[in-house]
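Colleague: I am new to this one. Could you take me through how the helices pack and what surrounds the ligand?

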Amino acid sequence: MPKPLVAGNWKMHFTVPEGLRVTEELLHHLHPYAQAVEVVLLPPAIMLWEVAHALQGSGILVGAQNAWWADQGPFTGEISPSMLAGWCHYLLIGHSERRQLFGETDEELNRKLKAGLKHHLEMILAVGETLEEHDAGRTEEVVTRQLRAALFGLEPAAAGHLSIAYEPIWAIGTGRAATPDYANSVMGMIRELLAGEFADAGQVRILYGGSVTAANAPSLMEQPNIHGALVGGASLKPEEFARIVQAAAKVQTTPA
Ligand code: PGA
């Protein structure tokens, strides 16, 4: 299993100068953990290039929050994986806000996944159920559908460049994180599904996302099926984000 991954999704926050100030602060706080944990910042597209340069040589990586699948063309407002290739390390796709607010479908995500992999980006695919689906006991069915559709037709080698973020939608931005046991059990199901898709499924990290904080990170990170976190709100606060990364580093260095 690769080292844990903690990604900070800034969503649509910060002006460019603010984002660069936060990056400087993060560099200071994250420095001690950059070896033990793969730390990725996902700033808005407008500041991606600047943040990537500010992070150069630090071991902290940068990723995009979304991209289209074509290399170029008449797609107003979009960025392409070929524009990210060579300097941007990660690409997040399928965040529930993209699915719900911008109507992204599982089939589109399959195309985006293939396009990102083609350009050698490390991919994070987000999946998760709504509150209604959760309450109706449909979590497994929904997550299975999302995964099967998005992973359809991938090469076996994709496993080495893929992470799955399990983010129950009812936990995102609500302050109501899933319990560690619940998250761990759904992620165990995801692990089994991946084993059916890839010979090398152990390479795929499964992250938890949804109201991760410095307070709940230690109990989430110690779950056997959780290999990192996708952090929204708490990633906007450098000290708190660093404590989440520290929790991941601690599990990594504590013998089982
Ligand atoms: P949150 O967001 O940590 O603010 O709940 C997580 C996410 O949307 O990735």
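Modeller: Start with helix α1 (residues 16-30) and helix α2 (residues 48-55), which pack at an angle of about 25° with their axes 10 Å apart. Helices here are DSSP runs of H or I, at least four residues long, numbered from the N terminus. The model is predicted, so local features need pLDDT of at least 70 and side-chain atom pairs pLDDT 80 or more, while totals for chains, interfaces and linings use all residues. Residues are numbered from 1 along each chain as its sequence is written, and side-chain values use heavy atoms, without hydrogens and water.

Colleague: Why is α1 called roughly parallel to α2?

Modeller: The angle is about 25°. Angles under 35 degrees count as roughly parallel, over 145 as roughly antiparallel, 65 to 115 as roughly perpendicular and the rest as oblique. So α1 is roughly parallel to α2. Axes are lines fitted to C-alpha atoms, for helices over the stretch in contact, and angles run from 0 to 180 degrees between N-to-C directions.

Colleague: Which residues make the contact of α1 with α2?

Modeller: From α1 come Leu20, Thr23, Glu24 and Leu27; from α2 come Glu50, Val51, Ala54 and Leu55. Contact means heavy atoms within 4.5 Å. By class, this contact of α1 with α2 has five nonpolar, one polar and two charged residues.

Colleague: Which residues of α5 and α7 meet?

Modeller: Asp106, Asn110 and Leu113 in α5 meet Arg145, Gln146, Ala149, Ala150 and Leu151 in α7. They divide into four nonpolar, two polar and two charged.

Colleague: How do α7 and α8 cross?

Modeller: The axes of α7 and helix α8 (residues 180-197) cross at roughly 35° and come within 11 Å. By class, the contact of α7 with α8 has nine nonpolar, two polar and three charged residues.

Colleague: What surrounds the ligand?

Modeller: 13 residues do, and the closest are Lys11, His95, Glu167, Gly173 and Ser211. A residue is near a molecule if one of its heavy atoms lies within 4 Å of it.

Technical notes. Helices (H or I, at least four residues) and strands (E, at least two) are DSSP runs, numbered from the N terminus. Ala, Val, Leu, Ile, Met, Phe, Trp, Tyr, Cys and Pro count as nonpolar, Asp, Glu, Lys and Arg as charged, and the others, Gly among them, as polar.
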